[in-house]
Amino acid sequence: MKFDVIVVGAGTAGCLAAKTAAEAGLKVCLVERKAQREIGEKVCGDALGEHHLKSIELNPPQHGELERRIEGVKIHSPDMETIFTVRHEDFSGYLLNRRLFGQWLLRMVLDNNAVLFDSTQCLEPIIEGGFVTGVIAKNMKTGEKVRFEGKTVIDSSGFIAVVRRKLPNDMGIQREIANEDVEACYREIRQLKQEVEGKNYCEIYLNQNVTPGGYTWIFYKGSAKVNAGLGVCMRNRFPNPKGQFYKHVLTNSLFDGSLLLDGGTWYDPTRRPLDNMVGNGVIITGDAACLVNPIHGGGIGPSMISGYLAGKAIVEALEKGDVRQEALWQYNIKYMESYGRKQAALDVFRLLLLKCSNEDLNHGMKYKLLTEDDVLKAGLGEDFHLNITETAKRVFRGIKRIHFLNKLRVTVNLMNKVKAHYRNYPTTPKDFPRWQLQTEALFKEAKSKLIG
């Protein structure tokens with residue numbers, strides 16, 4: 001079977017890529033391991049910023065896909081004495097009915113005459129003459145192997161990254177991700193005994209003893225349902241996230257008498273984007289390209305952006321009859337401009353959080369070493385500078401926490417350096433090796449200064 005575009009994975013990135021390419025009249029197929037009725041079901045935090053829909057010119061769905069409007073984020077200190085409230089249009093949006101939202105995206109793909117091959121598992125890419133020219137897959141109902149041939153392939157297969165992991169080294173795309181750049185997460189959807197009023201914010205709880213390198217979340221979905229879970233960094237001897245959830249979260253009186261509706265584990269690649277996400281005839285999107293926010297782990301919005309941009313890049317490349325890496329390079333440039341630069345800077349902040357103690361976090365929030373405004377600017381990808389009061393400086397000197405204060409200064413300076421570096425993302429593959437060496441040097445410096 002021959003197509004212009006083969007998209008592997010019908011998640012948010014895959015559906016946006018397939019929709020965008022099919023709308024332009026290309027012959028598109030979508031290869032998905034799940035059965036059609038299960039597309040959209042995923043263990044996930046279910047939160048989506050409204051601005052992501054606007055950025056790809058999608059009107060919000062109106063038929064139950066959006067379960068609750070959220071106004072922002074509340075961040076709780078480990079001792080529960082300080083709460084940062086971050087409210088801005090970029091932090092407002094929706095909690096989704098994940099399956100209905102996925103089915104809504106899929107309908108748009110199929111309405112544009114793309115072909116879905118569900119219950120079909122991609123096994124590996126086809127490589128011919130240095131180009132990705134298709135994939136080998138297996139029909140999960142019959143066990144039969146299927147060969148899909150295409151002018152281009154988009155890997156939207158999520159964390160498993162089935163295409164990316166099997167690309168040749170000379171394609172120039174990183175194949176493996178370090179465990180320390182991944183969070184292991186566990187989440188449950190629970191039906192509470194009664195609705196909790198006035199909960200229009202995503203609630204995030206920091207505690208390095210419970211969630212080292214991560215956090216706990218409680219998101220109120222309406223109809224007395226809650227999406228609750230936690231993530232831990234897979235660094236050193238990390239605790240089992242399900243065990244931590246049952247020991248430290250489910251014991252909250254909020255969950256007394258609650259009913260488990262759904263639960264499960266998944267993995268989030270919480271780091272900067274892959275330095276390069278394109279090769280000859282191939283583009284990597286979504287979680288497969290590590291396009292998850294390094295701080296809060298949200299990946300739905302960035303995945304949608306990446307799918308949209310991948311579809312656009314392939315339409316332009318096929319119009320010119322050229323699918324070399326050079327022709328697809330615009331995808332890298334546009335993603336780094338739209339979200340990747342911010343993501344890379346937040347990866348530096350993540351490194352600071354990996355080594356913070358609960359005492360550091362408690363005092364840092366209490367004495368406003370970072371303010372809500374600083375957190376907002378960091379989340380928006382804006383440059384900011386620490387504006388620490390003399391009172392805070394005296395407090396931190398008095399309790400011998402000046403070391404943390406200095407680390408915070410180093411972090412902010414490095415975040416601004418990383419953003420400046422990403423503003424100079426290379427315009428062609430020829431200039432990429434030098435840029436990548438500088439990137440690696442920056443993050444080596446960050447790791448050395450922040451986590452030792």
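**Close-up 1. Phe148 and the residues it touches.** Not counting residues up to four places away in sequence, Phe148 touches Met1, Phe3, Ile6, Cys29, Val31, Phe117, Thr120, Ile126, Thr133, Gly134, Val135 and Ala137. Contact here means heavy atoms within 4.5 Å. This is a predicted model, in which local features need pLDDT of at least 70 and side-chain atom pairs count only at pLDDT 80 or more, while totals for chains, interfaces and linings use all residues. Residues are numbered from 1 along each chain as its sequence is written, and side-chain values use heavy atoms, with hydrogens and water left out. Phe148 belongs to strand E11 (residues 145-155); helices (H or I, at least four residues) and strands (E, at least two) are DSSP runs, numbered from the N terminus. With a relative accessibility of 0%, Phe148 counts as buried. Buried means under 20% relative accessible area, exposed means over 50%, and partly exposed is in between (1.4 Å probe, protein chains only). For a sense of scale, the C-alpha atoms of Phe148 and Asn227 are 38 Å apart in space, and the two residues are 79 apart in sequence.

**Close-up 2. The largest nonpolar core.** A nonpolar core is a set of buried Ala, Val, Leu, Ile, Met, Phe, Trp, Tyr and Cys residues joined through side-chain atoms within 4.5 Å. Which members of the largest core touch the most other members? They are Phe148 and Met304, out of 144 residues. Helix H7 gives the largest share of this core, 13 residues.

**Close-up 3. Lys138 in strand E10.** Look for Lys138 in strand E10 (residues 131-139). Leaving aside neighbours within four places in sequence, Lys138 is in contact with Ser119, Thr120, Gln121, Leu123, Gly143, Glu144 and Lys145. Phe443 lies 40 Å from Lys138, C-alpha to C-alpha, and 305 residues from it in sequence.

Close-up 4. The structure holds 16 aromatic pairs. Rings of Phe, Tyr and Trp (its six-membered ring) pair if their centres lie within 6.5 Å; planes under 30 degrees apart count as stacked, over 60 as edge-to-face and the rest as tilted. Trp329 and Phe432 make an edge-to-face pair because their ring planes stand at 75 degrees, with the centres 5.6 Å apart. This pair links distant parts of the chain, 103 residues apart: Trp329 is in the loop between helix H6 (325-328) and helix H7 (330-355), and Phe432 is in helix H12 (residues 432-450). Both Trp329 and Phe432 are buried. Together with Tyr422, Tyr425 and Trp435, they form one aromatic cluster.

**Close-up 5. Charges over rings.** A charge sits over a ring if NZ of Lys or CZ of Arg is within 6 Å of the ring centre and within 35 degrees of the ring normal. The charged end of Arg69 is placed this way over the ring of Tyr94, 5.2 Å from its centre. Lys74 lies over the face of Tyr201, and here the distance to the ring centre is 4.6 Å.

**Close-up 6. Residues with positive phi.** Most residues other than glycine have a negative phi. In Asn236, phi is positive, near 55 degrees. Asn236 lies in the loop between strand E15 (225-233) and helix H4 (241-249), and its relative accessible area of 65% makes Asn236 exposed. Cys290 has a positive phi near 65 degrees and lies in the loop between strand E18 (282-284) and helix H5 (300-319). Is Cys290 buried or exposed? Cys290 is buried, with a relative accessible area of 0%. Just after helix H8, Lys368 takes a positive phi of about 55 degrees.

**Close-up 7. Ser258 and its contacts.** Ser258 lies in the loop between H4 and strand E16 (259-269). Its relative accessibility is 15%, so Ser258 counts as buried. Not counting residues up to four places away in sequence, Ser258 touches Arg190, Gln191 and Leu192. From Ser258 to Lys225 the C-alpha distance is 9.3 Å, with the two residues 33 apart in sequence.
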